[in-house]
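Subject: Handover of a structure

Dear colleague,

Please find below the structure that I am handing over to you.

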Amino acid sequence: MCICPVCKGGGWVIVRKSTPRTKEVYKDDREVEFAEPCPHCNGGAEQKAEEVRTRANIPSAYYDASIDKFRWDIYLDNSNRVIDISEQKKFVMSFIQDFGKWQEKGIGFYIWSKSRGTGKTFLASCICNSLMTKYQITTKFVSASDLITIAKEARQGEKNPIDTLCECKVLVLDDIGQKTSGEDWQNDLLFKIIDSRYQNKLVTLFTSNMKSTELRADDRITSRIEKMSQNIPLPEYSFRSKAAYDEKKDFYKEIGLL
């Protein structure tokens, strides 16, 4: 973790200055020492946000993701025209800017598209990082296929990690609906987490490669997902492939091949 070079991680700096109050007290312009939030790291807010991100288990590839880095205009149709997803953007930006109102209702997002690489996990990571930076809230990110492993690794005498997923302020359940071994057990874990969060109005973000109505899960799970999330469909366009091509294109330009 990067430590602020100015306040050394403390979040505060000592400054010497005179103020109207000191002039009133001392009857002159003498300077007095004051503690103020560090201007370099915004009073330690950046370091606190980084600590929160580390605990959140955001995928390392998206560790620095934020909503201002999400390319809403990258999706193209077969004629290379930009696909309009302004409606999806409107919901996401409202979610970040007015999070308190969404949190009060316990409503999150169901981000889905059938194709791989369309930016579902990236968008969820952008949203999480933006919330953590702005509000310093506790967030957890977990792949649905890892739930069984997480449950098995629970240690006696320690808090059950599944309970942590039930209780955190914002949870991302990534790749819901992916077929795995032990599906019955996974469904039971999913229901426990989703039902607990639904009953307590805790915000959950889901990503999936299928509609919520097509999930390989029982009706209890799908009905709760529909009640506790806003549908955010992404175009069937490979966000990942386009980004990879753009990176290589820049390199080819550098070496004179384009």
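I begin with D218, which is partly exposed, with a relative accessible area of 28%; on this scale buried means under 20%, exposed means over 50%, and partly exposed is in between, with a 1.4 Å probe and protein chains only. Please note that this is a predicted model, in which local features need pLDDT of at least 70 and side-chain atom pairs count only at pLDDT 80 or more, while totals for chains, interfaces and linings use all residues. Residues are numbered from 1 along each chain as its sequence is written, and side-chain values use heavy atoms, with hydrogens and water left out.

Salt bridges

The partner of D218 is R220, and the closest N and O atoms of this salt bridge are 3.1 Å apart. A salt bridge here is a side-chain nitrogen of Lys or Arg within 4 Å of a carboxyl oxygen of Asp or Glu. R220 is partly exposed as well, at a relative accessible area of 37%. In general, side chains of opposite charge can pair when their charged atoms come close. The count by this rule comes to ten salt bridges.

Another of these joins E87 to K90, with 3.3 Å between the closest N and O atoms. Both residues belong to helix 3, where they are three residues apart, about one turn of the helix. Helices (H or I, at least four residues) and strands (E, at least two) are DSSP runs, numbered from the N terminus. E87 has a relative accessible area of 41% and is therefore partly exposed.

A further salt bridge is formed by D163 and K192, whose closest N and O atoms are 3.6 Å apart. This pair links distant parts of the chain, since D163 is in helix 7 and K192 in helix 8 (residues 183–199), 29 residues apart. D163 counts as partly exposed at 26% relative accessibility, and K192 is also partly exposed, at 40%.

The second largest pocket

The second largest pocket holds about 170 Å³ of space. On a 1 Å grid over the protein atoms alone, a pocket is an open set of points where a 1.4 Å probe fits, with protein on both sides within 12 Å along at least five of seven lines; lining residues have an atom within 4 Å of a point. Eleven residues line this pocket, and the closest to its centre are N57, K140, I150, P161 and L165. Helix 2 (45–56), strand 4 (139–143) and helix 7 (161–167) are the elements that give two or more residues to the lining. By class, the lining has six nonpolar, two polar and three charged residues. Ala, Val, Leu, Ile, Met, Phe, Trp, Tyr, Cys and Pro count as nonpolar, Asp, Glu, Lys and Arg as charged, and the others, Gly among them, as polar.

A nonpolar surface patch

F251, Y252, I255, L257 and L258 make a nonpolar surface patch of about 520 Å². Such a patch is made of residues with over 30% relative accessible area and no salt bridge, with nonpolar side chains (Val, Leu, Ile, Met, Phe, Trp, Tyr) joined within 5 Å. L258 is placed in the segment after helix 10 (239–254), and this residue is exposed, at a relative accessible area of 61%.

Residues in loops

Most residues other than glycine have a negative phi. K27, however, has a positive phi, near 65 degrees. K27 lies in the loop between helix 1 (20–26) and strand 2 (32–37) and is exposed, with a relative accessible area of 69%. N80 likewise has a positive phi, near 60 degrees. The place of N80 is the loop between helix 2 and helix 3, and N80 counts as exposed at 60% relative accessibility.

R71 is in the loop between helix 2 and helix 3 and counts as partly exposed at 37% relative accessibility. The C-alpha atoms of R71 and L123 are separated by 9.5 Å, and the two residues are 52 residues apart along the chain. K211 is found in the loop between strand 6 (203–208) and helix 9 (219–228); at 39% relative accessibility, K211 counts as partly exposed. Between the C-alpha atoms of K211 and K114, 97 residues apart along the chain, the separation is 8.2 Å.

Yours sincerely

Methods:
Points joined across faces, edges and corners; volume = space filled by probe spheres on them. Patch = residues over 30% accessible without salt bridge, like charges linked within 9 Å, V, L, I, M, F, W, Y side chains within 5 Å. Areas by Shrake-Rupley, 256 points an atom, 1.4 Å probe, with all protein chains shown as cover.
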